[in-house]
Amino acid sequence: MQPPRLLILKRLLGPSCRALTTLAEIRAKLPSAASESYELQGYFVLTVSTIELMLTDTYLYFFRSFPEAFDFKDVQFSKDDILSANLSLDLIEQQVEKNAIKQAYASFPEQLSRFVRALGVADPPIDSELVERIVEVKETRNVLLHNNLRVNSLYVARAGRCRRQGASKEPLPFPQKYVIGACEDLQAFIQELQGRLTSKFASYTRIAALRRLWAYLFSSPVMLFDDFWVLDEAKDRVVAFKKGQYEEHLANSERIFLSVWRGHFNGWRDPDAHLLMYSLDD
C-alpha cells in the first residue's frame, strides 16, 4: 500500500517564504553599502546563496511526498546506501538528497528546468528575460568568489545574453545599482514560483494531510475522520476531538492507534509527553 501524501502547501512554501524575508532584509541594507565595497560583495553572495538554498529545500520537501516523480534512470545504489537504509523510502531520500546537492552545481537553467518539471509547474515558461538576468547574476557570483571579479572563460561561456563583459581578465563592474537589481530580480523570481506552487498545491492543506494519514491507518467504515475530530477549515486546524458513534465496538488495534492520535492532539505542545511518536523518530 502506497504511503499517504503528507505534503502541506504551507510547508512547501516555507523555504521560499524564508528566502523572501532574507532578501527583503538585504534589500533594505543595500542603499548604505558603497559600490565595489566588500560589504556590498557580502550581501550579493548571500543573496545568490539564498535562492539556491530555497530551491534545494523545496525540492527535497516535495520528493518526500512524491518520490515517484524522481528520475531514477541513472541512479546507482552503493552497498553502504543499502545497508544504511531501514526502508525503501530511505534509499529514495538518499538519492534525492544527493541529486539536489549535485544540481546546486549545475547551471541555473538546468537546475530550474529540473525543478519546475519535477514539481509540475513548468507551464507557462517563466519570463526568459528574468531567467537570463539571474543566469548572469549567478555567474558574477562565481567570478567574485573564484576569480576576484575578473572575467574568465567560464563566465564568458555561461553568462549568456546578459553578459556584462566579453574579454577574459577584464574586471566586472560592481556598482550598488547592479546588486539592487539582482536582489529585486531574485525576489520577483521567487514570488513567481510561489504563485505557481500555490495554484498547483492549493488543496494540500494540513487538514487534507491528516485525512489522508487517517485513511491510511483506519480502513474501517465506522472510523470516519469527521466522526472523531472537530475542524476549523478556515484556520486549517483540528480544534478538538469527539467520541465516535461506534467507538465502543472498535478493534483493539484501532483503539491503540486512536489513543496515539489523541495523545498527539493533547500533548504535542508538551515536551515531556511520552506517548508521542515525534520523540521516537522523524
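In which helix is F257 found?

Modeller: Happy to! F257 sits in helix α11, residues 252-267 (helices are DSSP runs of H or I with at least four residues, numbered from the N terminus). This is a predicted model, where local features need pLDDT of at least 70 and side-chain atom pairs count only at 80 or more, while totals for chains, interfaces and linings use all residues. Residues are numbered from 1 along each chain as its sequence is written, and side-chain values use heavy atoms, without hydrogens or water.

F257 has a relative accessible area of 38%, so it counts as partly exposed (buried is under 20%, exposed over 50%, partly exposed in between, with a 1.4 Å probe and protein chains only). Together with Y216 and L217, F257 forms a nonpolar surface patch with about 240 Å² of accessible area (by the Shrake-Rupley method; members have over 30% relative accessible area and no salt bridge, and nonpolar side chains are joined within 5 Å; a salt bridge puts a Lys or Arg side-chain nitrogen within 4 Å of an Asp or Glu carboxyl oxygen).

For contrast, look at A100 in helix α5, residues 88-103. A100 is buried because its relative accessibility is 2%. Leaving out residues up to four places away in sequence, A100 touches T56, Y59 and L60 (heavy atoms within 4.5 Å). L60 is 40 residues from A100 in sequence, yet their C-alpha atoms are 7.3 Å apart.

As for confidence, the protein chain averages a pLDDT of 87 (the predictor's confidence in each residue, from 0 to 100).

Technical notes. Patch = residues over 30% accessible without salt bridge, like charges linked within 9 Å, V, L, I, M, F, W, Y side chains within 5 Å. Areas by Shrake-Rupley, 256 points an atom, 1.4 Å probe, with all protein chains shown as cover. Helix = DSSP H or I, 4+ residues; strand = E, 2+ residues; numbered from the N terminus.
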